[in-house]
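User: Hi! I would like to learn how to read a protein model feature by feature. Could you take me through this one?

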Amino acid sequence: MASIASSNQLFINRSKFSSSTRASPNLVLLKSRPVVSTVLRLEFSPENQLSPAPVTLSGKALRLSGWGQLLRRHRPVETLVAKAAAADADGSEVEVSDGSGFHKPVQSFGERFPVLVTGFFFFMWYFLNVIFNILNKQVYNYFPYPYFVSVVHLLVGVGYCLFSWAIGLPKRAPIDKEQLALLTPVAFCHALGHVMSNVSFAAVAVSFTHTIKALEPFFNAAASQFFLGHQIPLPLWLSLAPVVIGVSMASMTELSFNWTGFVSAMISNIAFTYRSIYSKKAMTGMDSTNVYAYISIIGLLFCIPPAVIIEGPQLMQHGFRDAIAKVGLYKFLSDLFLIGIFYHLYNQIATNTLERVAPLTHAVGNVLKRVFVIGFSIVVFGNKISRQTGIGTAIAIAGVAIYSLIKANMEEQKRKAAHTPDQ
């Protein structure tokens, strides 16, 4: 039977005539005119399949005489399953009918459980970062060549990006000369900051390097105030005071302190500050995954020359030979590959996490990540720290947390003000 009801959409629910039509969609959505709209339901039956008869129209109801036994309603469950599968496949949201005229969207897993997905991103961000820092320091214990290891980090990451592009996950975004010119300074600062961080990791305890790197917000504020001309509110400056005091306290009594580790970590802070400045100017229109891939490729080109010049002769003479003699060729190569892949993945996950949450949530997560790294490194490596170093580190982390919360709250207020229409 077929009947007409008031609606804004026309649905045809079709059954399979044979096995060849099973792959066809079971639900077809057609837009009708807004003035006259109908719901046409066709019911199919395998009986009396060759008994066509004239079609007659009567009032507001549509009667198909002679086809009643031919048409029989198909089960709507298959319709819903088919459309849901198609939605999951292409990541889209579709509307389906349950047979009663009610239409509801089919949501993906991430849309149904956003808290679980976001929590998973945070977990992977912390997990990958902690594992990277631990494995990285273990490699430096038997292979103290941070310039070469920095090249390996980016080289493995570039290989990962090229493989992802080759299979189309994600699709490679084209780059022109103008975009290349915009990304080059960002990549240079990224390479410099990355190399100097590794020099510090190789020279001092991981916990001390991360304590020094807690000063990065101070350098960001100073660069914004004195180089970009942006007025930094007084509460932000005040929140940075405990950061400076805490790092100073920790540095004075740090048992693993040496000037190479301290100065290189400070240079890393400056480099990442300018990377942030240039990143704001390098608006390429590409997605974050492609931008990070291009930065990694260009940064690798900047890292290779100093590695060859500074550490090349030592590596060729005894560096590789000593490392292989200590741990074996397989462990040496596998360790280098693992720290490279963990480095790239944790940076990519951090970017993806930032896209999923508000700046305030990400700021809190970033502070907690540093606490996790410092705590796990002390436990894993058994680093002994003085009471003053511990107190100084805690004060510095607390200062970073206060600064991050204030800054994120200010940015959120600016965003809301920009989207609020004028009265």
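Analyst: Gladly! Let us begin with burial: a residue is buried under 20% relative accessible area, exposed over 50% and partly exposed in between, using a 1.4 Å probe and protein chains only. Of the 423 residues in this protein, 41% count as buried. Please keep in mind that this is a predicted model, where local features need pLDDT of at least 70, side-chain atom pairs count only at pLDDT 80 or more, and totals for chains, interfaces and linings use all residues. Residues are numbered from 1 along each chain as its sequence is written, and side-chain values use heavy atoms, with hydrogens and water left out.

User: How many helices and strands are there in the protein?

Analyst: Both are DSSP runs numbered from the N terminus, with helices being H or I of at least four residues and strands E of at least two. Here the protein has 13 helices and 6 strands. As for contact, the term means heavy atoms within 4.5 Å. Among contacts between residues at least 6 apart in sequence, 79% join residues at least 24 apart.

User: At what angle do the axes of helix 4 and helix 11 cross?

Analyst: Axes are lines fitted to C-alpha atoms, for helices over the stretch in contact, and angles run from 0 to 180 degrees between N-to-C directions. Helix 4 (residues 146-166) and helix 11 (residues 329-356) have axes that come within 8 Å and cross at roughly 65°. Angles under 35 degrees count as roughly parallel, over 145 as roughly antiparallel, 65 to 115 as roughly perpendicular and the rest as oblique. Helix 4 and helix 11 are therefore roughly perpendicular to each other.

User: Which residues make the contact?

Analyst: On helix 4 they include Phe148, Val152, Gly157 and Tyr160, and on helix 11 they include Phe337, Gly340, Tyr343 and His344. For classes, Ala, Val, Leu, Ile, Met, Phe, Trp, Tyr, Cys and Pro count as nonpolar, Asp, Glu, Lys and Arg as charged, and the others, Gly among them, as polar. The contact of helix 4 with helix 11 has 13 nonpolar, 4 polar and no charged residues.

User: How many aromatic pairs does the count come to?

Analyst: Rings of Phe, Tyr and Trp (its six-membered ring) pair if their centres lie within 6.5 Å; planes under 30 degrees apart are stacked, over 60 edge-to-face and the rest tilted. That rule gives 25 aromatic pairs. In one of them, Phe132 and Tyr343 have ring centres 5.6 Å apart and planes at 50°, so the pair is tilted. Phe132 sits in helix 3 (residues 114-142) and Tyr343 in helix 11, so the pair ties together parts 211 residues apart in sequence. Phe132 is buried at 3% relative accessibility, and Tyr343 is buried at 4%. There is also an aromatic cluster formed by Phe122, Trp125, Tyr126, Phe372 and Phe376.

User: Is Ser296 buried or exposed? And what about Thr289, buried or partly exposed?

Analyst: Ser296, in helix 10, has a relative accessible area of 1% and is buried. Leaving aside neighbours within four places in sequence, Ser296 is in contact with Leu154 and Val158. Thr289 lies in helix 10 (residues 288-327) and is partly exposed, at 25%. With neighbours within four places in sequence again set aside, Thr289 is in contact with Pro170, Gln348 and Asn352. Thr289 and Pro170 are 119 residues apart in sequence and 7.7 Å apart in space, C-alpha to C-alpha.
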